[in-house]
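Dear colleague,

Please find below the structure that I am handing over to you.

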Amino acid sequence: MNTDLDEETPFSSSPPATSITTKPHSFHFDSSLPLPKSSSSFLNHSSARRMSRSIYIVLIKAKINLLLPFGPLAIFLHYFTAKHVWVFFFALLGIAPLAERLGYATEQLAFYTGSTVGGLLNATFGNATEMIISIYALKSDMIRVVQQSLLGSILSNMLLVLGCAFFTGGIVHYQKLQLFNKAAAVVNSGLLLMAVMGILFPAVLHFTHSEVHLGKSVLSLSRFSSCIMLLAYASYLFFQLRSQHNFYTPVDEEVDTSENTDEEEELELTKWEAIIWLAILTVWVSVLSGYLVDAIEGASESLNMSVAFISVILLPIVGNAAEHASAIMFAVKDKLDITIGVAVGSSTQISMFVIPFCVVVGWCMGKEMDLNFQLFETATLFITVLVVAFMMQEGTSNYFKGLMLILCYLIVAASFFVHVDPKSDDD
């Protein structure tokens, strides 16, 4: 009986000698075997939970997302009613939260790319709406709407967006002097002055009636200047990102490493989640922008406002909501290098890339899109660039500079409110 028990229990206190000399077993897992169903279901559950968390953060968490239903409502009113004012108004409200979320997603992506590339990405995605609106308007032969909306984006970014960022950052950090990379700001100012030169000469050539070939020289000069401006902007990108990368090192990069812990806490999206949301939000903003453009003329008649005022003032305020929100956000966090990259960098990209690109696209379409923005608009742009260049030449920011830029924008807005766009026959 005892021997039977010993055979059935080999791990007893007195094992036989043969059990000691037996060959030890090596534990080997075959990687070719499929995972258990419980493991695969766990992975699916975790990915679904991550996706739902991402949707909650981007589309539900922020209070401004309460305005999201106005976008589909504007599309519904476009097809089932003839009230262009309501379509215009609801489309504006629907674009505002999308543009703000666009800035948030870009901020999340900036954690992975750094300040310089982050500011460039924010300017690019912020201007994607303007580019799509411009191409859409070019197909409809609305050349003046293209010119005025792009001009309004430049004015809004340089005066209103930058002014609000300087003012808010100066109020929050009133006990310190906020600094930014002066060298990078000077390069942006130089590019903006070059853009003013490219826009100024066709207008002067037209209004002085000094064309060699009447009605053709302005268009030829505009197309040539646009190609030069595109080449200059491509060179600027290479200079900024590759050749002189250290030249654009942010001033606050070596200050206070304790801020890194705050950034890690605020990092809520992965790199690919941020990229995917940027693409989705850009497409949806572009869709609503198309309905917005269609309702401009009807809203102008109903509101008794000129199309110039709507194109230069009202449209860019909503179209630049992404830059507006993110620029203020970074200024409050004392990251003025990203603020400059968003506000001034966006204006540089519109003036040196988007406008010349629209001229070239119009050339390919057979549309006579030129750089003759009329004397009133060109003079406004020239003075604006000079004011902003003087504000940034010291490399410092405070709330008074921001207040001055905001007041300058109010003067510009009042000027366009009383401005009537000249007819082509009266030119």
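K367 forms a salt bridge with D141, and their closest N and O atoms lie 2.7 Å apart; the term means a side-chain nitrogen of Lys or Arg within 4 Å of a carboxyl oxygen of Asp or Glu. K367 sits in the loop between α15 (336-365) and α16 (375-392), and D141 in the loop between α6 (115-139) and α7, 226 residues apart. Helices (H or I, at least four residues) and strands (E, at least two) are DSSP runs, numbered from the N terminus.

This is a predicted model, in which local features need pLDDT of at least 70 and side-chain atom pairs count only at pLDDT 80 or more, whereas totals for chains, interfaces and linings use all residues. Residues are numbered from 1 along each chain as its sequence is written, and side-chain values use heavy atoms, with hydrogens and water left out.

By this rule there are 5 salt bridges. Another of them joins E377 to R144, with the closest N and O atoms 2.8 Å apart. Because E377 lies in helix α16 and R144 in helix α7, this pair ties together parts that are 233 residues apart in sequence. E377 is buried, at 1% relative accessibility, whereas D141 is exposed, at 51% (buried is under 20% relative accessible area, exposed over 50%, partly exposed in between; 1.4 Å probe, protein chains only).

D334 and K176 also form a salt bridge, the closest N and O atoms being 2.4 Å apart. D334 is buried, with a relative accessible area of 12%, while K176 is partly exposed at 44%.

Yours sincerely
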